[in-house]
Amino acid sequence: MPVMLIVRPSARAGDDVRTCSQAGWSARVLSPVEIEPDETALLGLKEQFSRADAVFWVSPTAVETAAPYVDFSDDLKAQIAVGQASGRALQRCSAKNVFVPQEGNDSEAVLRLPVWDTLPPNARVLIVRGRGGRDFLAESLKKKGFAVEIAEVYFRRPNELNWQDFDAESIDAAFITSGELARGLFAQVPPQFSRFFESLLYFTHHPRIADALREAGARHIRVVASLKAALSSFPKEQTDEPV
């Protein structure tokens with residue numbers, strides 16, 4: 001059975017492990033970064049949420065961290081997700097009026113959504129994210145005349161990896177979901193595995209993450225729509241020239 005290395009926080013890896021299993025793959029998880037809720041920010045989230053006309057969710061982690069602190073049941077405000085996975089996370093929380101880009105999974109794709117044109121002038125937009133996220137969307141929305149508020153509901157903390165039982169020879173490819181994870185992984189690779197990680201085939205869902213992998217030292221990178229797409233395309237991609 002082929003093995004996919006899943007590089008993401010452990011709390012977010014469960015769905016990926018199941019996706020691999022359903023596709024006939026085994027999954028091995030490495031988490032160079034872990035998620036830690038910001039309890040102070042979460043305690044103030046209910047008030048921020050209640051006064052917003054629309055809420056933008058930057059990731060499934062943001063949804064799953066913040067959802068227990070807000071009430072979706074009677075709220076018809078626009079819930080705007082960065083991508084399909086975040087949209088599904090909102091729907092699992094019974095959120096209504098969920099808007100998701102059909103193509104793309106970044107702030108640029110979100111800005112192209114028609115929902116922004118339906119909001120009243122000077123609408124209040126709450127962005128729910130982790131500490132230190134990109135400011136591109138917030139600044140772009142301010143230029144459109146919206147009042148933007150940010151709730152940073154979790155921290156990302158470095159996590160020391162245990163390499164004692166790592167079996168490099170069993171890994172066929174890796175799936176990685178952020179530039180921060182790419183940098184965190186390569187910063188911890190021990191010398192005996194450096195050549196392996198440089199030559200491993202990496203799948204990711206965004207060109208910015210591919211750039212981060214390339215800068216870290218990876219030589220074989222493919223941008224795909226999702227982990228499922230990576231798993232189904234692997235035999236073909238394996239024969240392609242690296243980019």
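This is a short tour of a predicted model, stop by stop, with something to select at each one.

Before you click, note that residues are numbered from 1 along each chain as its sequence is written. In this predicted model, local features need pLDDT of at least 70, side-chain atom pairs count only at pLDDT 80 or more, totals for chains, interfaces and linings use all residues, and side-chain values use heavy atoms, with hydrogens and water left out.

**Stop 1: colour by confidence.** The chain averages a pLDDT (the predictor's confidence in each residue, from 0 to 100) of 91, and 96% of the residues score at least 70. Now pick out strand S1, residues 3-7, which has the highest mean pLDDT among the elements, 97; helix H11, residues 227-237, has the lowest, 79.

**Stop 2: the interface.** Here eight residues of domain 1 are in contact (heavy atoms within 4.5 Å) with 11 residues of domain 2. Three salt bridges cross this interface, each a side-chain nitrogen of Lys or Arg within 4 Å of a carboxyl oxygen of Asp or Glu.

**Stop 3: a link across the sequence.** The structure holds 17 salt bridges. For one of them, select Glu 64 and Arg 12, whose closest N and O atoms are 2.8 Å apart. Glu 64 sits in helix H4 (residues 60-66), while Arg 12 is in the loop between S1 and helix H1 (14-22), 52 residues apart.

Definitions and conventions:
Helix = DSSP H or I, 4+ residues; strand = E, 2+ residues; numbered from the N terminus.
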